[in-house]
Amino acid sequence: MKIWMQDPNSFIDEKAESRLYIGNLDLRITEAALIKMFSPYGNIVSEEFLWHTRGPKRGEPRGFAFIQFSTKEEAKLAKEKMHGRLACGRPLVVRLASEKQLEEAAQNSSRAVGEMSKTGIIGGTSGQMSRIAKIAAIKNKLRTLEEEGCSMKKQKQAGTISCNKSVEQSSGRK
């Protein structure tokens, strides 16, 4: 079941209102410890502890998790009690998953609109970008990244960026 907010183009799943994002987790915190920390605040329906699946950190925790409570009231209570609380010396970041999704969507859309205003392409009256506008934004981003990469290569070739050079100068060698 979907709940419509003031903006008819955006909605939040009811389940997301009882789902918490838990971030800034110390790598020593286990799934069992996480459940034990949050279980006093309500009935935990599910828990997702995220792990690296590729690369050199494969099998290590990613530093965040999601916990689903049976009601949004339990989730809100857990959020109030646990946000900022120290766990293994680190303050926990606890948000409703819907807040996290809305925050990321707002950041992504403001970046995209910024990119689109640079190119003069804004699609649709609903504020959503058209497929063509999205492709143009991606191409512009790639072009920018390529230009930055080329300028970094030129600087390295000219010798303006060199970690070894500064180390040699500080140690008195040239």
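First, a caution. What you see is a predicted model. The average pLDDT over the chain is 73. A score of at least 70 is reached by 59% of the residues. One is residues 1-11, with 16 contacts in the model beyond four places in sequence. The other is residues 121-126, with 10 such contacts. Please keep those two segments in mind when you look at the picture.

Now the layout. The chain has 5 helices and 8 strands. Starting at the N terminus, the order is β-β-β-α-β-β-α-β-β-β-α-α-α. The accessible surface is about 12,500 Å². Carbon and sulfur atoms account for 54% of that surface. Next, contacts between residues at least 6 apart in sequence. Of these, 55% join residues at least 24 apart.

On to the charged pairs. How many salt bridges does a search of the whole structure find? The count is 3. Let me take them one by one.

Start with Glu 17 and Lys 72. Their closest N and O atoms are 3.6 Å apart. Glu 17 sits in the loop between β2 (11-13) and β3 (19-23), and Lys 72 belongs to helix α2, residues 72-82, so this bridge links parts 55 residues apart in sequence. Is Glu 17 buried or exposed? Glu 17 has 17% relative accessibility, and the cut-off for buried is under 20%, so Glu 17 counts as buried.

Next, Arg 19 and Glu 48. Here the closest N and O atoms are 2.9 Å apart. Arg 19 is in strand β3 and Glu 48 is in strand β4, residues 44-51, so the bridge ties together parts 29 residues apart in sequence. Glu 48 is partly exposed, with a relative accessible area of 39%.

Then Arg 28 and Asp 26. For this pair, the closest N and O atoms are 2.8 Å apart. Which side is buried, and which is exposed? Arg 28 is exposed, at 59% relative accessibility. Asp 26 is buried, at 12%.

Last topic: the backbone. Most residues other than glycine have a negative phi. Which residues here go the other way? Two to point out.

One is Asn 24. Its phi is positive, near 60 degrees, and the residue is not a glycine. Asn 24 lies in the loop between β3 and α1 (31-38). At 28% relative accessibility, Asn 24 is partly exposed.

The other is Cys 88. Its phi is about 55 degrees, again positive in a residue that is not a glycine. Where is Cys 88? In the loop between β6 (86-87) and β7 (90-91). Cys 88 is partly exposed as well, at 42%.

To recap. The chain holds 5 helices and 8 strands. The search finds 3 salt bridges. One of them, Glu 17 with Lys 72, joins a loop to helix α2. Another, Arg 19 with Glu 48, joins strand β3 to strand β4. And the pLDDT is under 50 over residues 1-11 and over residues 121-126.

Methods
Residues are numbered from 1 along each chain as its sequence is written. This is a predicted model: local features need pLDDT of at least 70, side-chain atom pairs count only at pLDDT 80 or more; totals for chains, interfaces and linings use all residues. Side-chain values use heavy atoms; hydrogens and water are left out. Helices (H or I, at least four residues) and strands (E, at least two) are DSSP runs, numbered from the N terminus. Contact means heavy atoms within 4.5 Å. Accessible areas come from the Shrake-Rupley method with a 1.4 Å probe; for residues, only the protein chains shown count as cover. pLDDT is the predictor's confidence in each residue, from 0 to 100. A salt bridge is a side-chain nitrogen of Lys or Arg within 4 Å of a carboxyl oxygen of Asp or Glu. Buried means under 20% relative accessible area, exposed over 50%, partly exposed in between (1.4 Å probe, protein chains only).
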